[in-house]
Amino acid sequence: MTLAINGLEITLGGATVLDGIDLRVEDGETLAVLGPSGSGKSTLLRAVAGLLAPSAGTVTRDGEDLAGLAAHRRGFGVVFQSYALFEHLDVSDNVAYGLRMRDVPKPDRRERVVAALALVGLGGYGARTIDTLSGGERQRVALARALVVEPEVLLLDEPLGAIDGALKGRLLEDLGRITVDRTALYVTHDHDEALTIGDRVALLRDGRLVAVDDPETLWTRPPDVWSARFLGHPNVYEDGGPFADGPCLVPERAVGVGGAIGGTVTDRRFAGDGWQVTADVGVPLRYRASTAPAIGESVSFTVEDVVDLAG
Ligand SMILES: Nc1ncnc2c1ncn2[C@@H]1O[C@H](COP(=O)(O)OP(=O)(O)OP(=O)(O)O)[C@@H](O)[C@H]1O
Ligand SMILES: [Mg+2]
């Protein structure tokens with residue numbers, strides 16, 4: 001199933017929250033929608049789900065305009081950012097909801113609910129009530145509820161937002177497998193998640209798309225400095241400078257002496273997976289290094305290490 005969004009505009013409370021959005025999600029593709037808080041990601045997902053009417057533009061599924069088709073008739077599996085669980089039902093009944101609506105027979109239902117709960121790591125939680133669950137557990141119930149009906153199209157709004165650590169890594173892998181043959185719109189503010197799960201990534205800023213590309217292209221050729229920073233490039237250098245006319249990126253490593261551009265280390269901070277270093281190369285240049293250089297140490301960079309940004 002393909003989804004197409006054309007010229008989509010959403011106005012809320014008098015403000016234009018989304019403007020001129022054109023996107024296609026191909027059959028079986030996972031499109032990650034990445035952007036900072038307030039950029040319009042949930043609004044986009046809710047418009048596709050059928051919960052918000054566009055002030056302009058269309059959403060189509062396999063070429064069929066979905067305007068006027070109620071959310072529950074669209075057949076999409078949806079995980080909302082707010083989970084939207086039924087507080088008065090237990091975990092099993094929450095997960096079974098979509099199956100009941102589809103008149104799946106009870107024994108079959110029970111089996112599928114158990115499998116869906118096991119998938120999200122909540123085996124044995126079936127009889128618990130929602131108010132006894134942690135945030136991450138609720139989120140996984142919401143995920144199980146969307147997955148159990150095996151929808152052709154999945155709309156996921158920060159489905160792992162309340163989950164961290166090893167469980168997040170495992171669920172991300174599981175989601176990767178689950179979405180492989182499905183058409184999916186995967187909303188996140190987490191660049192690692194977007195680059196890992198997306199066949200393509202749409203980058204949203206202030207209600208507009210700034211880039212739509214496969215993860216590798218987006219990572220190696222971000223359209224501008226803002227995108228490079230938001231994607232998590234540790235070494236973004238801007239305002240022209242010694243390398244090129246216009247902004248550029250310096251990759252992860254500082255190369256040994258003998259490179260073309262020299263400088264002196266002026267600051268270094270431990271950053272978990274490495275060191276955030278500032279060197280004076282005529283202007284301050286920040287970069288990431290795996291080992292700590294000494295303040296005052298000479299460093300140099302080769303010009304080949306510099307990636308020009310388009311535009
Ligand atoms: N009903 C509304 N009335 C007015 N403004 C709204 C309404 N709903 C959302 N907005 C605004 O639209 C913008 C986009 O909101 P949205 O929830 O889509 O952002 P988001 O990218 O999902 O952010 P987050 O990462 O925090 O979830 C925000 O500035 C928000 O305040
Ligand atoms: Mg949101």
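Tutor: Start with a pair of strands. β6 and β7 (residues 153-157) run parallel and are joined by 4 bridges.

Student: What makes β6 and β7 a pair?

Tutor: Two strands pair if DSSP finds at least two bridges between them. Here there are 4 bridges, so β6 and β7 pair. In β7, Leu-155 stands opposite Val-78. Strands are DSSP runs of E with at least two residues, helices are runs of H or I with at least four, and both are numbered from the N terminus.

Student: What kind of model is this, and how are things numbered?

Tutor: This is a predicted model: local features need pLDDT of at least 70, side-chain atom pairs count only at pLDDT 80 or more, and totals for chains, interfaces and linings use all residues. Residues are numbered from 1 along each chain as its sequence is written, chains are lettered from A and ligands numbered from 1 in the order in which they are written, and side-chain values use heavy atoms, with hydrogens and water left out.

Student: Why is Leu-66 called buried?

Tutor: Buried means under 20% relative accessible area, exposed over 50%, partly exposed in between (1.4 Å probe, protein chains only). Leu-66 has 0%, so Leu-66 is buried. Leu-66 lies in the loop between β5 (64-65) and β6 (76-79).

Student: Why is Gln-81 called partly exposed?

Tutor: Its relative accessible area is 44%.

Student: What makes α1 mostly covered?

Tutor: In α1, 7 of its 9 residues are buried. Among them are Leu-44, Leu-45 and Val-48.

Student: What makes a set of residues a nonpolar core?

Tutor: The members are buried Ala, Val, Leu, Ile, Met, Phe, Trp, Tyr and Cys residues, joined through side-chain atoms within 4.5 Å. The largest such core has 34 residues, and those with the most contacts inside it are Val-95, Val-141, Leu-143 and Leu-160. α4 gives the most to this core, with 6 residues.
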